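Try each task before you read its solution.

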Amino acid sequence: MRDVAVIGVGLTKFGELWDRSFRQLIAEAGSKAILDAGIEGKDIDALYIGSMSSGRFVDQEHVGALVAEVSGFSHLHIPATRVEGACASGGLAVREGFLSIASGMNDIVIVGGIEKMNDVGGTAATETLATAADQEWEAFFGATFPGIYAMIATRHMHEYGTTREDLAHVAVKNHANGALNPYAQYQSPISLESVLRATMVAYPLGLMDCSPVSDGAASIVLCAADKAKKYTDKLVRIAASGQASDTLALHGRRDICTLDATVHASRMAYKQAKVTPKDIDFAEVHDCFTIAEICAIEDLGIVEKGQGGKAVQQGITTLNGSFPVNTSGGLKAKGHPVGATGVAQVVEATLQLRGDAGKRQVPDAKRGMAHNVGGSGATCVVHILEAM
Ligand code: COA
C-alpha cells in the first residue's frame with residue numbers, strides 16, 4: 001500500500017444556511033480545498049462524495065456526477081462516486097479516496113461531504129434521520145435517534161453510575177471549543193445549568209445533549225505521499241483507516257453501551273498505524289449526543305469502559321486536558337450536517353497537525369484520530385493522521 005497525504009482542506013460554515021443552495025455549499029468547500037492544496041482541476045483523478053439522504057432533504061440524488069459538474073469538472077469526465085453509510089457517509093468517502101490512492105489506482109483524489117437538512121421541517125428531518133435506524137424493529141415503532149441514544153444513556157447510567165451532569169459536561173466542553181471555531185454552528189459557551197435545565201428531548205437527553213439539524217459541506221484533497229511535497233511543506237499522512245459494522249437495531253447487540261463497530265474499527269486502525277491510544281494526542285469523535293462521546297472515548301480505548309463520564313467531569317478531554325476531544329466543537333456545537341461530518345473531522349485533524357487550528361490549537365499535536373459513526377453504531381470509520 002502507498003502512503004497517502006492530505007494536501008488541502010476546505011469547509012463551509014455549518015448552521016441554518018437558508019441563503020445558500022446544496023450546489024453552492026459543495027462548490028464552496030471543494031474550491032477552498034483545491035485552492036488550499038495548490039492543485040488544478042485537471043490534476044484530479046477521481047472524486048468521492050459522502051451524503052446520507054440528499055434525496056429526502058433536497059430532492060436530489062445522483063450526487064456524484066452533480067458535484068463534479070458544479071465543481072467545474074464535467075469536461076474532465078473523472079470517476080465521481082457517491083458514498084452512503086448514514087452519518088458515517090463522509091468518513092466512508094474519505095476511506096474510499098484513501099484506498100484508491102493507497103492501491104496505486106489514483107494519485108490525487110478530492111473527497112467531499114455534504115448535507116442540507118434544514119430545507120425540510122424538524123419532523124421530516126427526524127423521520128429522514130430515522131431511516132438509518134432499523135425500520136422494522138425500531139423506526140416503525142416510533143423510535144428516533146434521540147430516543148435510541150437515550151436508551152444507551154439510561155443503560156450506561158444504570159451500569160456505570162454515569163450522571164446527567166457527566167453528560168452535560170460533554171456539551172459544556174464542546175460549546176466552549178465551538179466558541180473558538182469560526183465555522184461552528186454555535187459559537188457561544190454554555191453553562192452546566194443551562195444544559196441541565198434545557199427542554200427534555202428523550203430522557204435523559206435534553207436539547208443541549210443533542211447535535212443540531214445542520215447544513216454544511218467539507219472537502220479534502222488527498223495525494224500519494226511521494227508526490228505530495230510538490231504541493232505543500234506541511235504534510236499530514238493518513239496513517240490508518242479502519243472500518244467495521246454491526247446490527248442496525250440496538251437489541252441485536254452484545255451490549256448496548258458498547259459500539260462494537262467502534263471497537264473493531266479502532267483496533268484495525270491502531271494495528272495498521274502500529275500505535276496504541278497512548279500514542280494519540282487528540283481526537284475528533286462522533287458526539288451526535290453527549291452519551292455518544294462518553295461511549296466513544298471508552299470504545300476507542302482512551303479510557304476504561306464505564307469511566308467516560310468521570311473522565312469528562314475531570315476535564316481530561318478539554319482543550320487543555322491530557323487528551324483533548326472534539327477541539328472543533330464536535331457535532332454538538334460545530335454542527336452535524338450528517339454527510340459532511342466525517343470529512344469535517346478530518347479537516348479539523350489536519351488543521352491541528354499542521355498547527356493551523358488558531359485559538360483551539362493543541363500544542364505539539366503530532367498524531368490525531370477521527371471517529372465517525374453511522375446510525376446508533378452499525379457503521380464506524382476511524383482514521384489516524386500524523387504530521388510528517
Ligand atoms: N443544540 C443547541 N441548540 C439547539 C439545538 C441543539 N441541538 N437544536 C436547536 N437549538 C436551538 C435553535 O438554534 C433555536 O434557537 P433560537 O430560538 O435561539 O433560534 C432553538 O434551539 C429551537 O430550535 P428548533 O429548531 O425549534 O429546535 P427543535 O426542537 O426543532 O429541534 C432537536 C431540537 C434537539 C430535536 C434537534 O436539534 C434534533 O433533532 N437533533 C438531533 C439530530 C440528530 O438526530 N442527528 C443524527 C444523530 S444520529
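**Exercise 1: a helix pair**

Task: work out how helix 6 and helix 11 cross and which residues meet.

Solution. Start with handedness: helix 6 passes helix 11 in a left-handed crossing (the near helix is turned anticlockwise from the far one by less than a right angle). Helices here are DSSP runs of H or I, at least four residues, numbered from the N terminus. This is a predicted model, where local features need pLDDT of at least 70, side-chain atom pairs count only at pLDDT 80 or more, and totals for chains, interfaces and linings use all residues. Residues are numbered from 1 along each chain as its sequence is written, and side-chain values use heavy atoms, leaving out hydrogens and water.

Next, the contacts (heavy atoms within 4.5 Å): Tyr149, Ile152, Ala153 and His156 of helix 6 meet Ile291, Ala292, Ile294, Cys295 and Glu298 of helix 11. Sorted by class, that contact has seven nonpolar, one polar and one charged residues (nonpolar: Ala, Val, Leu, Ile, Met, Phe, Trp, Tyr, Cys and Pro; charged: Asp, Glu, Lys and Arg; polar: the others, Gly among them).

**Exercise 2: the pocket lining**

Task: find which helix gives the largest share of the lining of the largest pocket.

Solution. First, list the helices that each supply at least two lining residues: helix 5 (122-129) and helix 6. Then pick the top contributor: helix 6, with three residues. Finally, sort the lining by class: 16 nonpolar, seven polar and two charged.
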